[in-house]
Amino acid sequence: MRMLINVAESVVADALRGMAVAHPELTVDVENRVVVRRDAPVDGKVGLVSGGGSGHEPLHGGFVGPGMLSAACPGEVFTSPVPDQMVRAAAAVDSGAGVLFIVKNYTGDVLNFDMAAELAEDEGIRIAKVLVNDDVAVTDSLYTAGRRGTGATLFVEKIAGAAAEEGQPLERVEALARQVNENSRSFGVALSACSTPAKGSPTFDLPAGELELGVGIHGEPGRERRAMMTSREIADFSVNAILDDMNPRNPVLLLVNGMGATPLLELYGFNAEVQRVLTERGVAVARTLVGNYVTSLDMAGASVTLCQVDEELLRLYDAPVRTPGLRWGV
């Protein structure tokens with residue numbers, strides 16, 4: 001496989017060095033693998049910390065900045081960060097108002113953030129945790145007990161980040177993050193496998209002319225494999241899988257997310273089909289976001305995430321945000 005890297009062993013450190021010089025508004029600790037907004041800790045503000053394996057960029061480091069995360073902890077590719085990173089991040093952003101850990105539901109992430117929470121509390125940092133588990137494709141998966149955490153992570157980080165930026169207390173920021181997760185559902189489709197730098201070849205076998213319905217963001221198996229389908233057919237399957245699991249009574253936020261190797265030309269065409277299905281099903285869309293936000297290295301494919309919102313959640317979603325990966329209102 002051809003990759004724009006030096007050696008596999010340094011790919012995460014090299015990316016962090018590049019991020020540091022591209023974004024001087026961030027403090028990037030390459031050695032300890034922590035990305036922090038440069039003005040942290042902000043007096044009276046709840047800190048938001050998330051993290052996970054690298055390879056999903058811009059999640060999570062690209063979402064550090066005003067209006068979103070206070071810090072992120074990148075692990076090795078598709079590998080959870082370690083508790084020491086999370087404790088270091090919590091200490092860097094804690095102003096005394098407490099810190100919220102936002103954790104995608106993968107076994108390594110859950111165990112390490114739980115351990116980090118205990119260690120941080122031993123150091124006098126008040127910690128709350130919210131688990132993101134929005135993927136309706138499967139109940140248990142290769143790295144997960146229960147549903148996987150995928151595209152809703154962006155909505156949780158954005159809305160909780162806006163609430164924290166307003167100075168809302170830890171208990172309220174946690175409750176909002178939990179509400180967003182509970183209101184969200186996702187479904188992903190792979191048109192090709194991804195290749196990790198260490199392996200240098202596809203992480204799973206997906207024969208030509210087939211796709212994986214319900215794939216995870218590490219290439220975990222989904223619900224089924226089928227012969228290649230049209231954008232229209234994939235939209236029908238994906239949106240109906242989500243709406244079989246939720247019945248939105250309010251408008252929704254829609255994320256049409258690329259897995260890393262699908263061009264915007266195709267994603268916007270897919271968005272048109274997704275919007276068609278939602279209209280047919282009587283679901284009103286309040287806001288739409290299209291692009292590569294929660295990726296899986298060089299996987300071709302897409303995911304759909306819906307989040308039901310009320311007036312407050314929509315106001316917080318619309319609030320200004322200034323990060324490398326998401327920016328508006330500033």
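**Close-up views of a predicted model**

**View 1. Strand β7 in the lining of the largest cavity.** Strand β7 (residues 184–190) gives the largest share of the lining of the largest cavity, three residues. The structure is a predicted model. The space inside the largest cavity comes to about 70 Å³. Its lining has 13 residues, and Thr150, Gly188, Ile217, Met259 and Ser303 are the closest to the centre. By residue type, the lining of this cavity holds seven polar residues, five nonpolar and one charged. Both domains take part: domain 1 (10–182) and domain 2 (184–317) each provide at least three residues of the lining of the largest cavity.

**View 2. The second largest cavity.** Over the whole structure, the search finds two cavities of 30 Å³ or more. Which residues line the second largest cavity? They are Arg37, Ala40, Pro41, Val42, Lys45, Val46, Gly47, Ser70 and Val93. Five residues of this lining are nonpolar, two are polar and two are charged. Two of the lining residues, Ala40 and Pro41, return in the next view, where the bond between them is shown.

**View 3. The cis peptide bond from Ala40 to Pro41.** The bond that runs from Ala40 to Pro41 is cis. Its omega is near -5°. Pro41 sits in a loop, the one between β2 (34–37) and β3. Ala40 and Pro41 are both among the residues that line the second largest cavity.

**View 4. The cis peptide bond between Leu59 and His60.** Leu59 and His60 are joined by a cis peptide bond. Omega for this bond is about -5°. Where is His60 placed? His60 belongs to the loop between β3 and β4.

**View 5. The largest pocket.** The largest pocket holds about 790 Å³ of space. Its lining has 36 residues. Val11, Ala15, Ser54, Gly55 and Glu57 lie nearest the centre of the pocket. Which element supplies the largest share of the lining of the largest pocket? That element is α1, with six residues. At least two lining residues come from each of α1 (11–22), β3 (47–54) and β4 (71–77). The lining of the largest pocket divides into 18 nonpolar residues, 14 polar and four charged. Domain 1 (10–182) and domain 2 (184–317) each contribute at least three residues to the lining of this pocket.

**View 6. Helix α3 along its length.** Helix α3 (residues 107–122) has 16 residues. Why does its length agree with expectation? At 1.5 Å a residue, the helix should span 22 Å, and its end C-alpha atoms are 23 Å apart, which agrees.

View 7. Asp109, Asn112, Phe113, Ala116, Ala117 and Ala120 are the buried residues of α3. Down the helix axis, these buried residues fall within an arc of 145°, so they line one face of α3.

**View 8. Leu26 in strand β1.** Leu26 is part of strand β1 (residues 26–29). Its relative accessible area is 2%, so Leu26 is buried. How far is the C-alpha atom of Leu26 from that of Val136? The separation is 34 Å, for two residues 110 residues apart along the chain.

**View 9. Positive phi at Phe78.** Phe78 is not a glycine, yet its phi is positive, about 55°. The residue is found in the loop between β4 and α2 (83–93). Is Phe78 buried or exposed? With a relative accessible area of 19%, Phe78 is buried; the cut-off for buried is under 20%.

**View 10. Positive phi at Leu297.** Leu297, a residue other than glycine, has a positive phi near 55°. Leu297 lies in the loop between β11 (285–291) and β12 (301–308). Its relative accessibility is 24%, so Leu297 counts as partly exposed. That class lies between buried, under 20%, and exposed, over 50%.

Definitions and conventions:
Residues are numbered from 1 along each chain as its sequence is written. This is a predicted model: local features need pLDDT of at least 70, side-chain atom pairs count only at pLDDT 80 or more; totals for chains, interfaces and linings use all residues. Side-chain values use heavy atoms; hydrogens and water are left out. On a 1 Å grid over the protein atoms alone, a cavity is a set of points where a 1.4 Å probe fits but cannot get out, and a pocket is an open set with protein on both sides within 12 Å along at least five of seven lines; lining residues have an atom within 4 Å of a point. Grid points are joined across faces, edges and corners, and a volume is the space filled by probe spheres set on the points. Helices (H or I, at least four residues) and strands (E, at least two) are DSSP runs, numbered from the N terminus. Ala, Val, Leu, Ile, Met, Phe, Trp, Tyr, Cys and Pro count as nonpolar, Asp, Glu, Lys and Arg as charged, and the others, Gly among them, as polar. Domain bounds come from an automatic or database domain assignment. The expected span of a helix is 1.5 Å times one less than its number of residues. Buried means under 20% relative accessible area, exposed over 50%, partly exposed in between (1.4 Å probe, protein chains only). The arc is that of the directions from the helix axis to the C-beta atoms.
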